[in-house]
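This text walks through one protein model, from its overall dimensions to single residues. Please keep the sequence and the structure in view while reading.

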Amino acid sequence: LTLGGGLRKAIENEEFELHYQPKVALPDENVVGAEALIRWNHPDLGMVSPDKFIPLAEESGLILPLGEWVIRRACRQLQEWRELGYPAICLSVNLSSRQFMQADLVDMVQGILEETGVDPAYLELELTESMLMTDAKQSIEKLHSFRELGLTLSIDDFGTGYSSLSYLKKFPIQTLKIDRSFIHDIGIDGDNDAIVKATIAMAKSLNLKVIAEGVEHRSQVNALGGYDCQEVQGFLYSKPLPSDDFVQFMQKQV
Ligand code: G
Ligand code: G
Ligand code: MN
Ligand code: NA
């Protein structure tokens, strides 16, 4: 059984779903957002992780229709929550590098926003440093187009790539998401603490919001709160949840 061969049919058969992992603000820990993460509900294999099929989708080019599905699904979900009267939260989606290079990406996103009626301020794109640095000049233009649409832009896995500080200033982004590898040993490894603390301070001075991902322990939250980190996300609060469970999670909070 090859996963790749089934991908095209899986898109047609709507075998994918989005799960939602809460993002909470410090120090109150109220839910202020969520990251949408794709899952493949495979008829024979059950839930397949994106680590297994996103690379295949990238190779085959199917990431383009799949990525479009993700954005449309996320926007419809935002509208659904709105119609149900839930407090507005920001929803982020991950882009892949091939998708980011797609020539008509901005038009496609604009079309979905118009079709779904979503307030663009509540849609965030998570981009990686390597994605942005491949063609930094073109990235800056693309990011400006997204900003004109009203979207929020975030650098994911921050600290693992090689974006220079000068570029960080040139990219019109709003959020830095500190990679979970730095969060893991926080409070244990002094060097890591120094890096996280410096990253948060730098983000502040650039007027960027900081979120830490991969938070699993209370001690990590305490350390991050002490460094003035604004938001956290991780298994300590919740794993990524199907939409019904996510709504329950939000309602438990209030
Ligand atoms: O949710 P999980 O930890 O299994 O995700 C594994 C990887 O797959 C992560 O790097 C995540 O960013 C990526 N991923 C999850 N959903 C999407 C998606 O919709 N599009 C892209 N391009 N990557 C995704
Ligand atoms: O690459 P990206 O940051 O988009 O990856 C998101 C992935 O991280 C999701 O697939 C999710 O399952 C995983 N994840 C979320 N919270 C935690 C956590 O607290 N610990 C670990 N190890 N992984 C997490
Ligand atoms: Mn992400
Ligand atoms: Na990440």
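Predicted model: local features only at pLDDT ≥ 70, side-chain atom pairs only at ≥ 80, totals over all residues.

Helix α7 is followed by G150, a residue with a positive phi, near 100°. The protein has 12 helices and 9 strands. Its C-alpha trace spans about 50 × 45 × 40 Å along the principal axes. A compact globule of 254 residues would have a radius of gyration near 18 Å, and the protein agrees with this because its own value is 18 Å. Of the 254 residues, 37% are buried. Among the contacts with a separation of 6 or more, 66% are between residues 24 or more positions apart.

The chain can be taken up at helix α1, residues 3-12. Which residues of this helix are buried? They are G6, L7 and A10. These residues lie on the same side of α1, because they cover an arc of only 130° around the axis. G5, K9 and E12, on the other side of α1, are exposed. The cover over the buried residues of α1 includes β1 (16-25), β2 and α2. After the helix comes E14, which has a positive phi near 55°.

The phi of E29 is positive, near 65°, in a residue other than glycine.

Next comes the ligand. What surrounds ligand 1? Its shell consists of L37, I38, S49, P50, D51, I54, V70, V93, N94, L95, S96 and P240. Two or more residues each come from β2 (30-42), α2 (50-60) and β4 (90-94). Helix α2 provides the largest share of the shell, 3 residues. By kind, the shell has 8 nonpolar residues, 3 polar and 1 charged.

Helix α7 covers residues 136-149, which makes 14 residues. From its first C-alpha to its last it reaches 20 Å, close to the 20 Å expected at 1.5 Å a residue. S139, K142, L143 and F146 are buried in α7. They are on the same side of α7 because their arc around the axis is only 100°. An α-helix has 3.6 residues a turn, so residues three or four places apart point the same way. On the other side of α7, the exposed residues are K137, E141 and E148. The buried residues of α7 are covered by elements including α5 (105-116), β5 (123-128), α6 (129-133) and β6 (152-158).

Further along, D228 has its place in the loop between α11 (218-226) and β9 (231-232). Its phi is near 75°, a positive value in a residue other than glycine. D228 counts as partly exposed because it has 13 C-beta neighbours inside 10 Å.

Key:
Residues numbered from 1 in each chain as written. Chains lettered and ligands numbered in written order. Helix = DSSP H or I, 4+ residues; strand = E, 2+ residues; numbered from the N terminus. Expected span 1.5 Å × (residues − 1). Buried ≥ 20, exposed ≤ 12 C-beta atoms within 10 Å, placed from the backbone. Arc of directions from axis to C-beta. Contact = placed C-beta atoms within 7 Å. Near = placed C-beta within 6 Å. Nonpolar A, V, L, I, M, F, W, Y, C, P; charged D, E, K, R; others polar. Rg over C-alpha atoms; globule rule 2.2 N^0.38 Å.
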